[in-house]
Amino acid sequence: FSFSWQTTFQDGGEEVEDGAVYNVTLKKVQIQQAANKGARWLGGEGDQLPPEHTVRQYETSKIRAIKAGTLEKLVENLLTAFGDADFSYISIFLATYRAFASPRAVLELLLDRFGNLETSSQGEVANLNSLESEMVLRAEIASVLRAWLDQCSEDFREPPDYMCLLKLLHYLKNNMPNSDMESRVQNLLKQFQNQEVEAVDGFCSTSSSDLVDGEELESSNPEEFSSFQDHVVAEQLTYMDVMLFRRVVPYHCLGSIWSQRDKKENKNLAPTVRATITQFNAVTKCVISTILGTRELKIQQRAKIIEKWIHIAHECRILKNFSSLRAIISALQSNSIYRLKTTWMCVSKDILLMYEELSEIFSDHDNYLTSRELLMKEATSKFANLDSSEKENQKKSQKRLQLQKTKGVMQGTVPYLGTFLTDLIMLDTALQDYVEGGLINFEKRRREFEVIAQIKLLQSSCNSYCLIPDQKFIQWFRRQRHLTEEESYKLSREAEAAADTNILSPKSQKSMVKRISTLFLGTDVFTPPKEQPLKSSPVGGSSGESTDSASVSSCEFNHSETEDVCVTPVSSPEDPLKKGSISSDKGSGCSKGSTCDAGSGLDSGSMPCRDSGSVLSSAPRALPVYNRQSEGSCIIRVSMDGLQDSIYKSILITNQDRIPDVTQRALLKHNLEPDAVEDYELVQVISEDKELVFPRDANVFYGMNSHVNFDFILRKRA
């Protein structure tokens, strides 16, 4: 006999229980059966029979996925999810529950209410249809606990008391004595007790406290930097990035957690994410310091350093390290480096083309679609997938790749974490935590898990790297003295002034300006005027701002919050007003003279509404996004004038919201008293010298200017 299957899914609507709402999907499987013998005689090709000679059987099963519920119901669902065919529920819950509950609360419910085998017969869990016996209940609880320890053992790291681990150990001794689970928990407790609270390695920090005794921060030495081979620098940056990225705790990236880091009581929140951002900043500052840190450099020498960093960026691309690659590109696009017109003229054409191709990876077109697609493609490949339009670059890339393949060295993929942080923050802003009846919105957690799962996949891929630390380079990297924003701008002006003394023909100046303008802005753009060839460049934090302004946003950061990423790459030619800073609270960008709030990601545009393809959730509506009004809602960014004018907070508004509603939400986001609504006015920033002031009871959605950035300021009334 031969068999074939065809599966279809049908929406079964919703089921409502006390304290829970479920999505129901009907799974219909058609099984086609036929006898092979005589198939050809009956007119079939191969083993396929005509429809009239086949037997069809249909099997229909119901898939129930919890959509919203109380905490008790969500914890109870951990024990029934497999029976409901919601096979991914446990992983989704464990990855996201920290957004609405603590480990202790979940453990107490799981063990005391649902796991108390002595009281199970008294009705507490009698309504769990799939658990018909004490043995089944014990197996289900063991399965959940095993998954918890496998996927999120850090949840139990609570020095010095370790209350959750001790409670778990007590439960296992009473209900599952001498089990493998009991031994595992005992070993984990001993491991935690024997370890000090782990601090993230300090090789990415440049504070003096991280240096070896006797070492001091030093200005960049071009000769020492030049002594490191390009691939060695890329490998060491990748080594540092891998060590930090593998340690990232996925729930630290959740928007509801990461967006709270600016509160005073949360200064130690999400340390694993802060560490990756600190490393990103350190690489960016190192690039700028090596280019500008030595006043005595000649134009050609400075150009050679730029070329070296472009080569290092290319090596990072071969290693599939998108974090340091983006850090280097962002530094080269920062104002203090980008404005070195004469220095860029001395960079060879081939290397400029290489730089252009690397920059295109992070184009903000379609919400950074190129980098997103490339990242997912690279995550599942053993080696980088390189495609260069420049023959010489392609030749070099293939040679390096062939060398790696010959050695049998497999690679992982290190992402730029900011993209994921932005997606999660935008999800947190766009979707409600609770739905009607005060139930926890678990559909939101399913959407968040789609992003978390990508992070976990990439973390797993990083185990393929086999890199050996080079202490000479790491010590050099740690010793670098980073320039402040004022210092880098001053040195940039000095370098350019010195370069202006060189004689360049008008023809060569015009040619190079065109090359650089095309390189950064693309081909279909208006060529800047000759008398101010670079002033119309979109590199900078404020719309329409000159790149020669000392107040342009660059790579400098608030000294009290050095974990925040703040680099200003080039905006898209289609929207020169659009800010694209790597850091924001909820996908926001830097403003003039500002420090960004946070390294959550460069993507200030629309957030992709990805559908997991799972039958467990219905097709979602398009989410509200920044800089676009859609289906009666959008996301705006609001900063506080005079108080925190450098920090944006993202606010979801609808076409029903008026000034008092939006003002109150903005005050809450900035941790201010919401009762003072009447003391503030809401202003939309139209341009550097124009603002739109809203009347007290205006409808913000319909009154705002939708043709400029959705950036607002909350200002105290005079």
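Two strands pair if DSSP finds at least two bridges between them. Strands (E, at least two residues) and helices (H or I, at least four) are DSSP runs, numbered from the N terminus.

## Basis of the report

This is a predicted model, in which local features need pLDDT of at least 70 and side-chain atom pairs count only at pLDDT 80 or more, while totals for chains, interfaces and linings use all residues. Residues are numbered from 1 along each chain as its sequence is written, and side-chain values use heavy atoms, with hydrogens and water left out.

Strand 8 covers residues 680–687, and six of its eight residues are buried, so the strand is largely enclosed by the rest of the structure. Here buried means under 20% relative accessible area, exposed means over 50%, and partly exposed lies in between (1.4 Å probe, protein chains only).

Strand 8 pairs with strand 9 (residues 690–693) in the antiparallel sense through four bridges. Glutamine 684 has leucine 692, in strand 9, as its bridge partner. Two residues lie between strand 8 and strand 9, which form a hairpin. Strand 8 also pairs with strand 10 (residues 711–716), again antiparallel, over five bridges. In this pairing, arginine 715 of strand 10 stands opposite glutamate 681.

## Nonpolar cores

A nonpolar core is a set of buried Ala, Val, Leu, Ile, Met, Phe, Trp, Tyr and Cys residues joined through side-chain atoms within 4.5 Å. In soluble globular proteins, nonpolar side chains tend to be buried together. The largest nonpolar core has 132 residues, of which Phe93 and Trp309 touch the most other members. Helix 10 (residues 271–292) gives the most to this core, contributing 10 residues. A second, separate core holds 24 residues, including Tyr626, Leu682, Phe694 and Phe701.

Contact is defined as heavy atoms within 4.5 Å. When residues up to four places away in sequence are not counted, phenylalanine 93 touches Leu74, Val75, Leu78, Phe100, Val106 and Phe442.

## The loop at leucine 431

Leucine 431 lies in the loop between helix 18 (417–430) and strand 4 (434–435). Apart from neighbours within four places in sequence, leucine 431 is in contact with Lys444, Arg447 and Leu623. Its C-alpha atom is separated by 9.1 Å from that of glutamate 443, a residue 12 places away along the chain.

## Backbone exceptions

Most residues other than glycine have a negative phi, and most peptide bonds are trans. Alanine 270, which is not a glycine, has a positive phi of about 50°. Alanine 270 belongs to the loop between helix 9 (255–258) and helix 10, and is buried because its relative accessible area is 2%. Lysine 320 likewise has a positive phi, near 60°. Lysine 320 sits in the loop between helix 11 (299–318) and helix 12 (322–332), and its relative accessibility of 1% means that it counts as buried.

The peptide bond from proline 159 to proline 160 is cis, with omega near 0°. Proline 160 is placed in the loop between helix 4 (134–152) and helix 5 (163–175).

## Cysteines

A disulfide is taken as a pair of cysteine sulfur atoms within 2.5 Å. A search of the whole structure finds zero disulfides. Cysteine 466 counts as exposed, at 63% relative accessibility, whereas cysteine 634 counts as buried, at 0%.
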